[in-house]
Amino acid sequence: MPAPPGDLAKLVKTVTWPKGQVIHRIHLKIYGSSEFNPGLTGNARFSPIKASDGANIPTLYGGTTFDCAAMETVFHDVPFSAGLKTFDKWKLTDQAYSQLTSKRDLNLADLSGTALRKLDIQRNEFIDTEKDKYPDTRKWAEAIHAACPGAEGLFWVSRQDDRAFAIVLFGDRLAAADLLPSRDPCSVLADVTVYTDLLALAERIGVDIVGGR
């Protein structure tokens, strides 16, 4: 993976996430709809990350659709392979589904395919990489955060669901007060409608949810 170029400030373009557009989010129940993960632990593509002064940057992941949110979280590690795949139901126990909107337009660094060309990095080197490359993708996130003080997060075409966009928001650039919950967190397992939607998605991607816990 190429290292972030030194002139990122000139190369990174931002896109607008418009005020009022719904952000779909699946997250641990310990967090509220608009509550940021403090960024102390984990191993995701763009978190945990640190600011240039060494401070942890809180993050909030979301997507443009329910399917995107589910694919980027609970089904993230389902292998890209033919045939039946199983998923343990108990892994959903601590998961909640929320919807929220922004109270104002948000400026997000554009990491979609066309924007990556200007950054001289290919999607398969960046967005489509596996977990072993996450330390490198996090370096890019940190470099963009440092070089682009106006960027309030990142925006890209979801690897898991390329019909949708995924985002991560920087909690040191906006606050939970900038976000308006439009649906209170509900248990992925206990809410009949949400679980039915999850089962339908699982069927489409060839996943059998197993176990009774």
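**From residues to the whole chain**

Modeller: Thr14 is found in strand S1, which covers residues 14-17. The model is predicted, so local features need pLDDT of at least 70 and side-chain atom pairs pLDDT 80 or more, while totals for chains, interfaces and linings use all residues. Numbering starts from 1 along each chain as its sequence is written, and side-chain values use heavy atoms, without hydrogens and water.

Colleague: How is Thr14 classed by accessibility?

Modeller: Thr14 has 44% relative accessibility, so it counts as partly exposed (buried is under 20% relative accessible area, exposed over 50%, partly exposed in between; 1.4 Å probe, protein chains only).

Colleague: Which residues is Thr14 in contact with, leaving aside its neighbours within four places in sequence?

Modeller: Contact means heavy atoms within 4.5 Å. On that basis Thr14 is in contact with Leu108, Ala109 and Asp110, once neighbours within four places are left aside. Separation in sequence and in space is another thing to read: Thr14 and Leu154 are 140 residues apart in sequence, with their C-alpha atoms 8.6 Å apart.

Colleague: Ala109 was on that contact list. Where is Ala109 found, and is it buried or exposed?

Modeller: Ala109 is found in strand S8, residues 106-110. Its relative accessibility is 0%, so Ala109 counts as buried. Not counting residues up to four places away in sequence, Ala109 touches Val12, Lys13, Thr14, Ile144, Ala151, Gly153, Leu154 and Phe155. Tyr195 lies 86 residues from Ala109 in sequence and 33 Å from it in space, C-alpha to C-alpha.

Colleague: What can be said of Thr101?

Modeller: Thr101 counts as buried because its relative accessibility is 11%. The place of Thr101 is in strand S7, residues 95-102. Beyond neighbours within four places in sequence, the contacts of Thr101 are Gly20, Gln21, Val22, Asp178, Leu179, Leu180 and Ser182.

Colleague: How much space lies in the largest pocket?

Modeller: A pocket is an open set of points on a 1 Å grid over the protein atoms alone, where a 1.4 Å probe fits and protein lies on both sides within 12 Å along at least five of seven lines; lining residues have an atom within 4 Å of a point. Points are joined across faces, edges and corners, and volume is the space filled by probe spheres set on them. Here the largest pocket holds about 1200 Å³. Its lining has 45 residues, of which Ala44, Glu72, Thr73, Val74 and His76 are the closest to its centre. Strand S2 (22-28), strand S5 (59-63), helix H2 (66-71) and strand S6 (85-88) each give two or more residues to that lining.

Colleague: How many helices and strands are there in the protein as a whole?

Modeller: The protein has six helices and twelve strands. Of its 213 residues, 45% count as buried. Among contacts between residues at least 6 apart in sequence, 78% join residues at least 24 apart. The C-alpha atoms fill a box of roughly 50 × 40 × 30 Å along the principal axes.

Conventions: Helix = DSSP H or I, 4+ residues; strand = E, 2+ residues; numbered from the N terminus.
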